[in-house]
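Here is a short report on a modelled structure. Please look over the sequence and coordinates before reading on.

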Number of protein chains: 2
Amino acid sequence: MSITLDSPLDMHLHLRDGEMLSTVAPLSAKTFSGAIIMPNLVPPISTKEELLSYKARILEATKGHTFKPYMTLFFKPTYTKEFLESLQDELIAIKLYPAGITTNSEGGVAGFDVEELRPTLTAMSELNIPLCVHGETNGFVMDREAEFVSIYEMLATNFPKLKIIMEHITTKESVEALDRFENLYATITLHHLLITLDDVAGGMLQPHLFCKPIAKRPEDREALRKVAFEGHPKVMFGSDSAPHPQHAKESCGCAAGVFTAPIAIQVLTELFVKFSTIEKLQAFLSDNAQKIYSNITIPKKQISLEEKTFLVPNKYSNVVPLYAGETINYSILEIEGD
Amino acid sequence: MSITLDSPLDMHLHLRDGEMLSTVAPLSAKTFSGAIIMPNLVPPISTKEELLSYKARILEATKGHTFKPYMTLFFKPTYTKEFLESLQDELIAIKLYPAGITTNSEGGVAGFDVEELRPTLTAMSELNIPLCVHGETNGFVMDREAEFVSIYEMLATNFPKLKIIMEHITTKESVEALDRFENLYATITLHHLLITLDDVAGGMLQPHLFCKPIAKRPEDREALRKVAFEGHPKVMFGSDSAPHPQHAKESCGCAAGVFTAPIAIQVLTELFVKFSTIEKLQAFLSDNAQKIYSNITIPKKQISLEEKTFLVPNKYSNVVPLYAGETINYSILEIEGD
């Protein structure tokens, strides 16, 4: 038996730049039809020139693949409607980071003054540009996301026509918020469907499983699994695959991020099969995103998988992937349209 | 102004063996009058010969210092009263580990069948040998200690004459249990008075702050500080200083333990001064332990400290201490009796 998936989409992806971009971009481009590309470079993508030039570098790095990078800007409250209009063919979403909350987010939003944010968010509503949000306060690490739900609510009520994507959600509180506000959506990563804080710090400390938001409690993972496994229409796959060089992960002061891009579809397949919900994977991995992001066009690609062991490489160049050196149980059989 | 402390005691200390013992033992022996030595070597200390031979190696490593190692056995439910009596001049306490819960604890207790434990615990009660316990279940990492409180209660009620020391407590639940049972006592580490999970995993991941039990929530730290800072008579200082070579901390699968021995008294002084409770440090650091462990004799030593910056070394041999390369604000002025 094989499993065939149409046009998989990764709605939250870090491709970095330079050598790292060349290493990781083809790995996503091989299996995915497209991906929302995070703008947190140094400096972050915030001008038309930066966006177009980054897109060109991504297309160069993924040459030969059927793959569409959906470009984003790093949110600034100073973006005008005219500026956003001038980018409309290229800009798929804008990503909002609270200041200092994760890798390269220093220039993010400090405080959430609705009047300061209003002009840009109103323009985005009018232009139907979704707002992607890294939703964490600077509170205690296990509470940050739950505390941020009140900010999601403030945004959702003040901008009812704005599509707000709660990125890489990790808690039952975020899952519950999904159904309270029509204009709230969410991405969920592979690793947050797999692990809890126990896997990061319950045995030996596992730097390669350290990410932001940090993996939470078993009941949080249950809540995420529930909506992912039922193909909840407001929930999409976003890997948040976040490569760092090995030395930045295995050192004193380890960087946050799990690198899952090359094995995401295989492991998702294994997981959905294991939980007897494989028929919902197409919705989670592509169909829901196509409906939520009505402003994207998707290149056709078909990926077929079979139950066959695959030994995950220890490294891709100098990046250690999830399950490095371990065996996963689904392999890619064929990719059509790449 | 200087601060003088009499006969500081470290009621929970890991000295390891071999080269590591030679590195770390003199650092404790310099400033402390004595310490309860944990028995979790490989293999764990469980015979008279092992105990006496380990004690001799510790005395050799601390030669020239006024320092008493208080020896412990690794708990086994097969210890007879005759065996324990034969050790009574040398044995200060017995340490119970749940199986597999921390470094070198594989041979610990699996399940807590009171009848299986009764003969040894009854003998300990009769001989007035305290039971030191690493109190964690194998549940979710943030819940393990709170879940273990019911086992403390079972032990405390079944063996009302047994002194039970809840080692390195980290939660408000353990603090609350202290006052419910006359025969429950506790040690608290320096690092659990200083940090929460935020310091371990809230920014970058900090392997040198990773320990078992893992640092918990801010309200847990508050509860620990409250009883330590008030000099609660059932609470003693136990550093749980746990050295590992640098490579075992800064790697994939980092070992658990914070190395605090060489700076513990200085940082405790700074902390108690900062919270305007320096007059309680003598109780926390020595007097309470002398009353709880009525079976110890303590060599006289006086340590004087002054407010003067001290640059903590990056390493002691190959072991990275807490605050490596940082400046602390209290220094040792004089040690009398060493």
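The notes below go from the overall fold to single residues.

## Model and numbering

This is a predicted model: local features need pLDDT of at least 70, side-chain atom pairs count only at pLDDT 80 or more, and totals for chains, interfaces and linings use all residues. Residues are numbered from 1 along each chain as its sequence is written, and chains are lettered from A and ligands numbered from 1 in the order in which they are written.

## Chain A overall

Chain A holds 12 helices and 11 strands. These are DSSP runs, numbered from the N terminus: helices are H or I with at least four residues, strands E with at least two. The radius of gyration of chain A is 19 Å, close to the 20 Å from the globule rule for 338 residues, so chain A is as compact as a globular protein of that length. That radius is taken over C-alpha atoms, and the rule is 2.2 Å times the number of residues to the power 0.38. Along the principal axes, the C-alpha atoms of chain A fill a box of roughly 55 × 45 × 40 Å.

Of the 338 residues of chain A, 51% are buried. Burial is a count of other C-beta atoms, placed from the backbone, within 10 Å of a residue's own: 20 or more is buried, 12 or fewer exposed, and in between partly exposed. Contacts need C-beta atoms, placed from the backbone, within 7 Å. Among contacts in chain A between residues at least 6 apart in sequence, 71% join residues at least 24 apart.

## Two copies and their interface

Chain B superposes on chain A by a rotation of 180° with 0.0 Å of shift along the axis, at RMSD 0.0 Å. The two copies are thus related as by a two-fold rotation axis.

The contact takes 23 residues from chain B and 23 residues from chain A. Helix H8 (residues 197-201) of chain B gives the most to the chain B side, with 3 residues. By class, that side has 14 nonpolar, 6 polar and 3 charged residues. Ala, Val, Leu, Ile, Met, Phe, Trp, Tyr, Cys and Pro count as nonpolar, Asp, Glu, Lys and Arg as charged, and the others, Gly among them, as polar. Of the interface residues of chain B, 100% are also interface residues in chain A, so the copies meet through the same surface.

## A helix pair in chain B

Helix H1 (residues 18-31) and helix H2 (residues 48-61) of chain B pack at about 65°, with axes 8 Å apart. Axes are lines fitted to C-alpha atoms over the stretch in contact, and angles run from 0 to 180 degrees between N-to-C directions. From H1(B), Leu21(B), Ser22(B), Ala25(B) and Pro26(B) meet Arg57(B), Ile58(B) and Ala61(B) of H2(B). These contact residues divide into 5 nonpolar, 1 polar and 1 charged.

## Backbone details in loops

The peptide bond from Val42(A) to Pro43(A) is cis, with omega near -5°. Pro43(A) sits in the loop between strand S3 (34-37) and helix H2 (48-61) of chain A. The bond from Lys212(B) to Pro213(B) is cis, with omega near -5°. Pro213(B) belongs to the loop between H8 and helix H9 (218-229) of chain B.

Ser276(A) has a positive phi, near 55°, without being glycine. With 9 C-beta neighbours inside 10 Å, Ser276(A) counts as exposed. For Tyr323(B), also not glycine, phi is positive, near 65°. Tyr323(B) is partly exposed, with 18 other C-beta atoms within 10 Å.

Note on methods. Least-squares fit on C-alpha atoms with pLDDT ≥ 70 in both. Contact = placed C-beta atoms within 7 Å.
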